[in-house]
Amino acid sequence: MGAVAKYFSDVYRALATAFVGLGVTGRNAFTKPTTLEYPDQRWTLPDRYRGILHNRIEDCIGCLACARACPVDCIHIEISKRDKEEYGLTSDGTKITQWIPRFDIDMALCMVCGLCTEVCPTCCLTMTKEYELAVTDKRRMYLEFATERDKEMVRKKMAEKEAAAAAPPATQE
Amino acid sequence: MKEWLDGVIAGSALLQGAPREITYFLAMVFFSLLAVGWMAILALSFVWMERKISARIQSRLGPVYCGGKFGWAQTVADALKLLMKEDLIPRSADRLLFTVAPVIVFLSTLLTFAAIPFGDNLIIANLDIGIFFILAISSLAVIGIIMGGWASNNKWSLYGGMRAASQMISYEIPVALSLIGVIMYSGSLNLLEIGRAQAGGFWHWNLFRSPFLFLGGFVYFTAAIAEANRTPFDLPEAESELVSGFNTEYSGMKFALFFLAEFANLFVISAIASVMFLGAWHSFLPWQILPGPIWFLMKAFSLVVVIMWMRWTLPRLRVDQLMQVCWKYLIPISLVLLVGLGTQMWVFSGR
């Protein structure tokens with residue numbers, strides 16, 4: 001190509017490419033924005049979304065499977081055997097043989113892997129769709145699920161046991 | 001302007017009693033404040049437009065909350081923030097030049113508003129050399145920019161100032177050459193007369209009256225964007241290379257002045273383009289449906305939108321490419337167009 005031809009083809013290419021670019025941006029300006037105005041609008045989360053943990057304590061049988069499955073040991077459970085007449089039933093008919101005076105999950109430690117929910121035999125430990133985990137106080141990330149009733153029962157039992165141990169053996173004779 | 005003012009004074013009993021000089025002075029103060037206010041409103045709305053347009057081109061929303069709908073008060077809030085900011089002057093900066101620089105840049109833009117016709121006879125100063133005045137005054141801005149770059153005592157600011165100087169001086173030439181075509185064709189430097197000559201439908205506009213003026217319009221538009229330091233020619237403030245160029249060290253009100261001048265400049269180049277090429281305040285049909293100033297503002301604003309559209313489309317040129325575009329392409333082309341226009345006028349109108 002001669003110098004003159006190149007000169008004019010350069011001018012043409014500069015203009016043509018500029019107009020192609022303007023066409024692309026011009027068309028894009030009239031498409032729907034991809035922005036989601038977050039606090040006002042929200043995403044629809046997938047069914048198996050892994051958010052913060054929740055335990056439906058009335059269905060929990062205190063089997064400790066979740067605490068054993070947890071890779072970071074963030075689930076702390078204490079159990080105490082119920083008497084025969086105190087046995088309860090979960091909503092799916094499993095027998096509850098334990099009092100559960102403590103069922104704590106430290107969400108600050110939790111890595112949200114979901115292993116605990118997979119091993120749960122009664123499906124009472126689940127992952128919610130709650131994803132706004134920020135808190136102003138770290139203690140609020142420590143979730144406690146144990147019911148007052150279970151705590152009270154265990155406290156009563158311990159007191160009975162202590163009373164029995166403290167009583168002089170002479171009275172038993 | 002003076003005749004109009006004399007008419008107002010003659011018509012009012014209150015003003016007739018006051019000394020002439022004081023009335024003139026007060027009128028001058030009033031109209032310059034009006035021009036400053038108009039410029040501020042323009043700049044604020046252009047910043048808002050720019051943010052909205054860039055957002056839409058990039059599939060975003062832009063400001064949405066401030067002021068209720070569409071974030072219209074966003075730039076007002078930004079301006080208030082700038083006004084309240086601490087006015088820093090670096091310790092090793094040249095205090096006098098550092099303070100004067102933004103004022104010069106601002107003034108050179110503000111003064112051009114005096115000679116822009118917003119409608120038939122709607123002009124602050126009806127100068128016989130209107131377009132020459134605008135070209136001369138708007139090139140003063142380069143002194144302020146290089147002053148700001150030098151006074152900041154900062155390598156990158158100085159680089160920005162030097163780049164601005166070389167760029168603005170180079171691009172003055174194609175701007176002037178492409179405008180000379182219009183001046184030749186209209187036979188006047190007076191912006192009102194150039195505007196009046198384009199009445200009666202878009203085929204009377206200078207842009208469509210001659211193929212040479214049509215191409216000259218494009219040359220003017222390209223060169224004017226470069227002279228106003230807009231992307232793709234924004235080398236003086238190339239963020240990725242020079243932080244922010246000549247205004248890196250500026251903050252608060254001084255920065256606001258630079259910013260205001262930059263965006264008001266957008267309006268000035270669009271206004272000149274619409275007066276010189278796009279029929280000034282005339283509608284594109286032979287009959288004027290809307291008032292002249294509305295046509296004028298519509299033309300100028302759509303050109304501003306085009307400039308913003310280009311800004312968010314084209315990447316920045318390299319320094320050598322910038323000089324190449326000016327000296328190897330725009331100046332020879334505009335010279336050839338001038339010769340062509342002269343031949344056309346000689347052959348067809350015998351002038």
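Angles between axes count as roughly parallel under 35 degrees, roughly antiparallel over 145, roughly perpendicular from 65 to 115, and oblique for the rest. The structure is a predicted model, in which local features need pLDDT of at least 70, side-chain atom pairs count only at pLDDT 80 or more, and totals for chains, interfaces and linings use all residues. Residues are numbered from 1 along each chain as its sequence is written, while chains are lettered from A and ligands numbered from 1 in the order in which they are written.

Helices (DSSP runs of H or I, at least four residues) and strands (E, at least two) are numbered from the N terminus.

| Helix of chain B | Residues |
|---|---|
| α4(B) | 74-84 |
| α13(B) | 252-276 |

These helices pack at about 135°, with axes 6 Å apart; α4(B) and α13(B) are therefore oblique to each other. Contact requires C-beta atoms, placed from the backbone, within 7 Å. B:Ala79, B:Leu82 and B:Leu83 of α4(B) meet B:Gly252, B:Met253, B:Phe255 and B:Ala256 of α13(B).

Chain A contains four helices and seven strands, in the order α-β-α-β-β-β-β-α-β-β-α. Its C-alpha atoms fill a box of roughly 125 × 35 × 30 Å along the principal axes. Of the contacts in chain A with a separation of 6 or more, 76% join residues 24 or more positions apart. Between the chains, the contact takes 13 residues from chain A and twelve residues from chain B.

Technical notes: Two residues are in contact if their C-beta atoms, placed from the backbone, lie within 7 Å. Axes are lines fitted to C-alpha atoms, for helices over the stretch in contact, and angles run from 0 to 180 degrees between N-to-C directions.
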